[in-house]
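Please read the following walk through a protein model with the coordinates open beside the text. The paragraphs go from the overall make-up to individual residues and pairs.

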Amino acid sequence: MIGSQRSQPQNPLQLGQTLYEVLDVTVIGTPRSAAAARYNRVVYNANGGSPVEPLDLVAQNQIRDVKAATNMHAAVQNVCALTADKLQIIGSDHGKATSQTWPVADLSTIVDLDPQQIDVPHLLLLGQDAQGIFLQSLDCSTGHLSSPLGLPATVAGRVVGALLARNQLDAHVIVCTVHNGQLMVNDLGSSVLGANPTAPSVTPVALGAVQDSAVVGITTASLTASTADHQIVVTYPDPQGALQVAVLGWTKQDLVPVTTATPDLGFAPPEGAVFRVAAGGLLGNGVDQLVVGYSATYQSVKGCAALLLFELEAGPSGTRSLKQLSRYAAANTGSQPLASVDLHVAVGLFGEALPSDQTGVSADAPAGVLGVLVVGGGATLDQLMKGEASVLAGLVPVDVAEKAFPPLNNSPGLPQHLTEVMTIDYRSGFFALPSDVTGQSVTLGPPTLSQSMGAGQLLAVIQAPPFESAEEVTSNKPTLTFGQGVTQMKGCNVSSNKQWLFSQDTGVSIGISGQTLGKQVSNSYGSGFDQLDDHSTSTLVQSTTTISVDDLIVLYAMSYYVWTYPVYRKARQDHPDGTMAVIFPMTPEPVQSIIPASDASLGYIPRSQNGALLSYVQLQPDGYDESQLLFDLNNMSVTDELGGSTLTYDQTEMVSENISKSVTVHNSTMDSAHFSVSTTLLAYVPIHFGLNLSEGQSYSESDVQTTTLSHTTTMTIIVTSGTVTDIGYEYQIMPYIYYHKTMQCLMVSYAVTMSGKLWAGYYAPRVMLQSLYPNSTNPVLRGFSRSISFRKNDDGTVGVDVEVFNNSLQEVKNVVCEFYYGAPSVDDDKKLSPPANKVGQQNLGTLPSTGRATTSMNLSLQQNDQVVVVVYSAPEPDDTQAREVYWGIYPPSAFADWHAQQVSAGEG
């Protein structure tokens, strides 16, 4: 375990598991002359409304509360109806309504399904007895009720509404009460949720005076894009019957008022004091709008449905206010009453996905419709004479460009596709609410929690400045210094981010694209949860003071919690269509390590060699892109001047467009093998590299953004040139400091120009490979080279590739590369020798000055097999060249477990 582990919820997306909402409407009313109320699912789309799946319930006056709750286990919603003695859970199965009933007592209000109970659905219910208001949890699979959890005495009065609201990643229970003529909103927090609830610490917010018998509307909304928090919207009549609208939100953990409004209703005076409220995204701008509806008289037409459209508008100094965008009034055909009995409103997408979001939907499927669904009870004069009324449903669209309802003239408007749902007794009223019992919405199922321990990433590759190792050339080696301190690389920091991403197969067969689903998640939480207050864990990159000989690699390790959610659209198919992964840092403190690049745990592949100056000439820096440079390019000369010269990289040299730029460091969603495949820097990485998200699912490597590397203008890197023994060995170093274009790690590399007049005669013809340990006194380690690489062939053989380098300033002819199977040995002269089993040779022809060429041979290799190569130029008359012996091991990662004693006993 790294650092101190953070406590994490079982389900971080507690109120964010609906990715794309598609709604029907539930209407519960008593048909004319019937004894029991009837449930109807009303399918509403571009073709109008259709009541389906009727189910008779109990007498309507026994029903205390009705609510639709999203069941993550079934990936559908259930409609729950609460009476004095039972809780009825209604669903849908193959075109018929289903019902399950459990006995209850003393309960009055449905809250919602507990999002922390991810194993079995549990419904939260409020009740009241002589001791006060209490909360109980009903196991929906067994009917078992938990022991009542009494609320503090400050939560008193008549409960007029309850729901769950999201504060960052936590669900809070909100209870709205009327007590002594005052309307109170009580935040019970999240301690009352889960399998082991505890007594809450309540945050009460007083909204103002209200009629004691008032009907109060309450809903959650996402009214601002700057936070993952829900806002809570309450509508109620004051003692004079005037509409009041209050918006509440969180300041960290405290529920506070955000704004209030008292809209002018003079255009359509209300006929009562019942004000309904609904919220949803009507304008496609990533936030919700509010709709308030009430029964009204418009232009002398009674029983109209009046609608107000609001958005939350930012003001000066962080203030916010409700802005009324539009108003509307609708009536039945012929200006007959639409809402004289009752009125309910719902906002959202009804029937099917919008055509712009659809994929793979049959051409004859009716399109979904977006707008305000008005469900009203109204009676014509003829119906009044009979004592009956009609429940009607119709859609009022919103013009996205104008942010407005349809224009009104001197008569009320007519909702689109107005449909009669049922005929009821004029005095009975009805329930109506949006729901999705068939699973048309795209939802996340219960998550599976796993842990990715110490997941490693590559932060920086710092090459030592180039030099020639021979003492006759170099008197003082050049050095590189980070920052201005021993323990910190000043101005460079790294962040571990919370992250979400979809598997690549998400959305293939459910009719809604993964891109659309991602947009919905981004609206709720931001890109990578950047709408959360604590979206990252940041630390300064640790560093040593100076380096002169060994290349260094900076590694970063962070343990992560990983939740994997199946993605469902049950109306299309029972099985999930892809997965969504949510990744959180497990600890507040990562572990950083700085190791020599030659460390056996990393398969570092250098194409230059420390101490071989020519190996840097004409060598393109790995992963270089000019747009990713952190500092302007500058040359520095290495001469015989005592003390050398210094090149300082600070704000004055920084590329202006890259100041304070942040980059996402490469991570692998799979295992360490996939991590190393993505780069030419490393042949392999430690086993803990990569997140190992899930088996059987493929995630895009470009989408995982768990780690961000950034720098500021305080970042400083100092290169000191060192000195040579004679001005004739002068050379120039040009440091390249940049972000690697694929790995996005920090890179320090070099270009070398050799201008001294003695260089031309210094180098004898020599072909070589780049040694990983050129300064080792052990000939076996000195002969190990990753210029020998391996690749699997389709026929089961292994291709052995060898990159040969001409370490001279003249062309070398007749270059030969011999291949041997087996381990090298050390002769009496402490030189490396190949084994006896020569398997072939390749002729490379002529190599130009500082040229490189790659040759290959296919071999049959097993785990831990070693291959030796010998490179030389074939002798011409009076010309001989030493044979250079190098070796490699298959696969490259086997070197991590290799030890010197495995070499032939012939060693020295």
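The model is a predicted one, in which local features need pLDDT of at least 70 and side-chain atom pairs count only at pLDDT 80 or more, while totals for chains, interfaces and linings use all residues. Residues are numbered from 1 along each chain as its sequence is written, and side-chain values use heavy atoms, with hydrogens and water left out.

The protein chain contains four helices and 58 strands, where helices (H or I, at least four residues) and strands (E, at least two) are DSSP runs numbered from the N terminus. Of its 908 residues, 57% are buried; buried here means under 20% relative accessible area, exposed means over 50%, and partly exposed lies in between, with a 1.4 Å probe and protein chains only. Among contacts (heavy atoms within 4.5 Å) between residues at least 6 apart in sequence, 69% join residues at least 24 apart. The accessible surface comes to about 35,400 Å², of which 47% belongs to carbon and sulfur atoms, the areas being taken from the Shrake-Rupley method with a 1.4 Å probe and, for residues, with only the protein chains shown counted as cover.

Side chains of opposite charge can pair when their charged atoms come close. The structure holds 18 salt bridges, each defined as a side-chain nitrogen of Lys or Arg within 4 Å of a carboxyl oxygen of Asp or Glu. One of them joins Asp 56 to Arg 38, with the closest N and O atoms 2.8 Å apart. This pair links distant parts of the chain, since Asp 56 belongs to strand S4 (residues 48–56) and Arg 38 to strand S3 (residues 38–45), 18 residues away. Asp 56 is partly exposed at 46% relative accessibility, and Arg 38 is partly exposed at 30%. A network of salt bridges also links Asp 24, Arg 41 and Glu 53.

Another salt bridge pairs Glu 884 with Arg 766, with 2.7 Å between the closest N and O atoms. Glu 884 is in strand S58 and Arg 766 in the loop between S48 and S49, so this pair ties together parts that are 118 residues apart in sequence. Glu 884 is buried, with a relative accessible area of 16%, whereas Arg 766 counts as partly exposed at 29%.

Within helix H1, Lys 386 and Asp 382 are four residues apart, about one turn of the helix, and they form a salt bridge whose closest N and O atoms are 3.5 Å apart. Leu 381, Leu 384 and Met 385 make a nonpolar surface patch of about 360 Å²; patches are made of residues with over 30% relative accessible area and no salt bridge, like charges being joined within 9 Å and nonpolar side chains (Val, Leu, Ile, Met, Phe, Trp, Tyr) within 5 Å. Leu 384 itself is partly exposed, at 39% relative accessibility.

A search of the whole structure finds 23 aromatic pairs, meaning rings of Phe, Tyr and Trp (its six-membered ring) with centres within 6.5 Å, and with planes under 30 degrees apart counted as stacked, over 60 as edge-to-face and the rest as tilted. The rings of Tyr 729 and Tyr 762 have centres 5.7 Å apart and planes at 75°, so they pair edge-to-face. Tyr 762 also pairs edge-to-face with Tyr 763, at 4.8 Å centre to centre and 85° between the planes. Both Tyr 729, at 11% relative accessibility, and Tyr 763, at 8%, are buried. Elsewhere, ring pairs link Tyr 525, Phe 529, Tyr 561, Trp 563 and Phe 584 into a cluster. The charged end of Arg 166 sits over the ring of Tyr 525, 4.7 Å from its centre, a term that requires NZ of Lys or CZ of Arg within 6 Å of the ring centre and within 35 degrees of the ring normal.

The backbone deserves a last look. Most residues other than glycine have a negative phi, and most peptide bonds are trans. Ala 75, however, has a positive phi near 60°, and Ala 75 is buried at 2% relative accessibility. Thr 850 likewise has a positive phi, of about 50°, and is buried at 5%. A cis peptide bond, with omega about -15°, joins Tyr 890 and Pro 891.
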